[in-house]
Structure formats: structure tokens, C-alpha cells
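Please read it beside the sequence and the model.

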Amino acid sequence: MFEHEDIKGSFNPLENVERHKSDKSVTFDYIIRVVPTVYENLNGAMHYPFQYTYTTREINFMQGSVTLPAIWFRYDLSPITVRYHEKRKPFYTFLTTVCAIVGGTFTVAGIFDSFIFTASEILKKFELGKLT
């Protein structure tokens, strides 16, 4: 349906929105803010989806006036373009992360081992009655 459906994070906020009123004097007013977007994936393919948000309000005219129901769409186009460039982190980032995890594990294990050793030495001194 849309070109940008396969892009991660794409959405259609007005999809499945239905407004039904039995009152014939209700007018719907939509304000749609549109932001042009450029998305470049890892293959270098460019996509040009539009991101948008909307607000809506219902206007109910007085009972005595003669009005026809209506729907209004007001567009607010942004002068700024958002650009997404997909890229991967280099392999050395993975290596430094693994080294940090291993180093942190050894540090915590060393602190834990030191705590256990000190506690066992104090317990031995207590059992011998040499704790002063």
C-alpha cells in the first residue's frame, strides 16, 4: 500500500480512525502536521516517506441554526526535513564491549573473593580466641 511500510518505526496514525455521529450538526476539523523525511538504509536505497501527526476537534453548532455537516482538513507543512541514515557499529565496538563485560565480571568476582577470604580469616581468629 505505502512505500514506507517496510521501514522500521513507520506508522499511519489515521489508520482505522472512524467518526460516526448521529447528530447532523457536527463538523470535524483535522489539523495535520506533515514533516518530510528522507530514509537511507544500509544498501544506500533512499525512501521518502512523510511523518505526520494530527489533532482533531468536533464542532457542534447550535440546535436552531441551519448548517450542513462538514469535514475540514488543514495541513501544516514543516519547512524542516528529517533525515535518517542507517549504519552499523564497527566490529571493534563489539570487542571493547565484550572486554568490558569480562573485566567487570573479574573485578566483581575479585571483590567477592576478597570479602569471603577476609570473613573466613576473622572467623578463624574468633574460634581461636585471638580476636582483639
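**Core, aromatic pairs and annotated span**

1. The largest nonpolar core has 6 residues: V26, F28, Y30, I32, V34 and Y52. Such a core is a set of buried Ala, Val, Leu, Ile, Met, Phe, Trp, Tyr and Cys residues joined through side-chain atoms within 4.5 Å. Strand 1 (residues 26-40) contributes most, with 5 residues. The model is predicted: local features need pLDDT of at least 70 and side-chain atom pairs pLDDT 80 or more, while totals for chains, interfaces and linings use all residues. Residues are numbered from 1 along each chain as its sequence is written, and side-chain values use heavy atoms, without hydrogens and water.

2. There are 3 aromatic pairs, where rings of Phe, Tyr and Trp (its six-membered ring) pair if their centres lie within 6.5 Å; planes under 30 degrees apart are stacked, over 60 edge-to-face and the rest tilted. Y30 and Y54 form a tilted pair, because their ring centres are 6.1 Å apart and their planes stand at 45°. This pair links distant parts of the chain, with Y30 in strand 1 and Y54 in strand 3 (residues 50-60), 24 residues apart.

3. Y30 is buried, at 6% relative accessible area, whereas Y54 is partly exposed, at 24%. Buried means under 20%, exposed over 50% and partly exposed in between (1.4 Å probe, protein chains only). Y30, Y54 and F73 form one aromatic cluster.

4. F91 and F94 both lie in helix 1 (residues 91-128), 3 residues apart, about one turn of the helix. Both F91 and F94 are exposed. Helices (H or I, at least four residues) and strands (E, at least two) are DSSP runs, numbered from the N terminus.
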